[in-house]
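Let's walk through this model together, from its helices to its charged side chains and a few backbone details. Please keep the viewer open as you read.

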Amino acid sequence: MPETSHPWKCVKSTVAEVFVPIGCSKNRELKGEIEPRATRSMDTDVIQKQALAVDPPDEYFDPDLQPETGEQYLQKVIYERKHCPAVVVAKPSPKRRHQQHQQQGQPGPRSLTGSGAIPMDLVKNVAPRALMPTKEWESIQNRKFTELRDTITGYRNGPHYQENLQKTHIYLNFENRKQLHDYCAKNQPFVRILLSMPQRNLEILLEYLHEWLLEERNEEVSVEDRIHRKDWITQWIYAILACIITPLEPYVHSVLRDIAKVCIAMRNDLAAEDELKVLPLNLLICIISKNFNQLDLGDNVE
């Protein structure tokens with residue numbers, strides 16, 4: 001794909017300011033002054049000291065029995081600690097998420113039909129080779145995105161940020177999905193508007209944008225009309241990614257993954273000659289995979 005200028009001038013970067021964190025503990029590990037984290041045992045924690053003298057469970061210990069004494073309870077805790085995996089992933093509860101949406105006045109999860117009902121984990125890249133971005137193109141877009149985020153970070157830390165923030169008066173009801181849809185469809189995602197929104201509202205808007213992008217793909221319209229109509233959605237997503245504060249909550253990463261997968265599916269619907277139409281899709285896939293640690297969804301990952 002040929003190199004192109006930045007697709008959306010409303011979030012154009014002017015100055016880059018890079019902040020490099022210093023990992024002191026990591027450097028000490030490399031020098032051998034302290035034991036690497038990967039080899040540290042959970043049983044040799046130098047911070048937590050034993051408060052009660054309890055004999056560890058022996059080979060006859062039955063973890064399925066209900067503890068009857070305080071000592072048996074502590075032995076069960078010790079047993080479960082030794083057998084607990086380092087990483088535990090909780091399965092999402094659709095019922096609980098629906099209740100949270102109702103408490104916040106937001107619409108609950110919807111039942112999708114058509115191609116949108118296919119689990120997005122099954123989406124495979126089958127787009128024509130001509131639509132795939134080159135490493136050089138991705139490198140240029142990642143550099144521009146990094147410069148933009150650094151500029152916005154520098155502006156947030158600047159002396160005039162709060163003063164300018166008070167001059168921006170945008171009244172949006174984030175519990176009103178239709179109002180947000182109409183506003184975003186008719187207005188450009190200027191940085192000053194997005195910076196006036198709290199982080200939680202940016203996350204809510206990102207979820208809505210994913211839903212609207214998925215709805216565009218599921219509607220019975222021609223591929224050309226679908227790509228043209230979703231331009232404002234991809235613009236808003238890109239702008240939010242430039243302004244959102246990291247680190248993100250795990251569920252926001254999940255939303256980003258779903259957005260990238262929808263973009264991959266929409267790219268699969270295009271023909272080989274649709275190089276211009278694929279640009280915003282490739283841009284979001286590139287930014288999400290490289291800048292938000294979703295490398296398994298990237299196109300040029302070594």
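Helices here are DSSP runs of H or I with at least four residues, strands are runs of E with at least two, and both are numbered from the N terminus. The model is a predicted one, in which local features need pLDDT of at least 70 and side-chain atom pairs count only at pLDDT 80 or more, while totals for chains, interfaces and linings use all residues. Residues are numbered from 1 along each chain as its sequence is written, and side-chain values use heavy atoms, with hydrogens and water left out.

The chain has 12 helices and zero strands. To describe cover, we call a residue buried under 20% relative accessible area, exposed over 50% and partly exposed in between, using a 1.4 Å probe and protein chains only. In H8, 16 of the 20 residues are buried, so the helix is largely enclosed by the rest of the structure. For the chain of 302 residues, the buried share is 35%.

Now for the charged pairs. A salt bridge is a side-chain nitrogen of Lys or Arg within 4 Å of a carboxyl oxygen of Asp or Glu, and the structure holds 10 of them. One of these joins Lys-290 to Glu-138, with the closest N and O atoms 3.4 Å apart. Lys-290 sits in helix H12 and Glu-138 in helix H4 (residues 135–156), so this pair ties together parts that are 152 residues apart in sequence. Glu-138 is buried at 3% relative accessible area, whereas Lys-290 is partly exposed at 26%.

Finally, look at the backbone. Most residues other than glycine have a negative phi, and most peptide bonds are trans. Thr-246 and Pro-247, however, are joined by a cis peptide bond with omega about 5°, and Pro-247 lies in the loop between helices H10 (231–243) and H11 (250–268). Asn-293 has a positive phi of about 55°; this residue lies in the segment after helix H12 (279–291) and is exposed at 64% relative accessibility.
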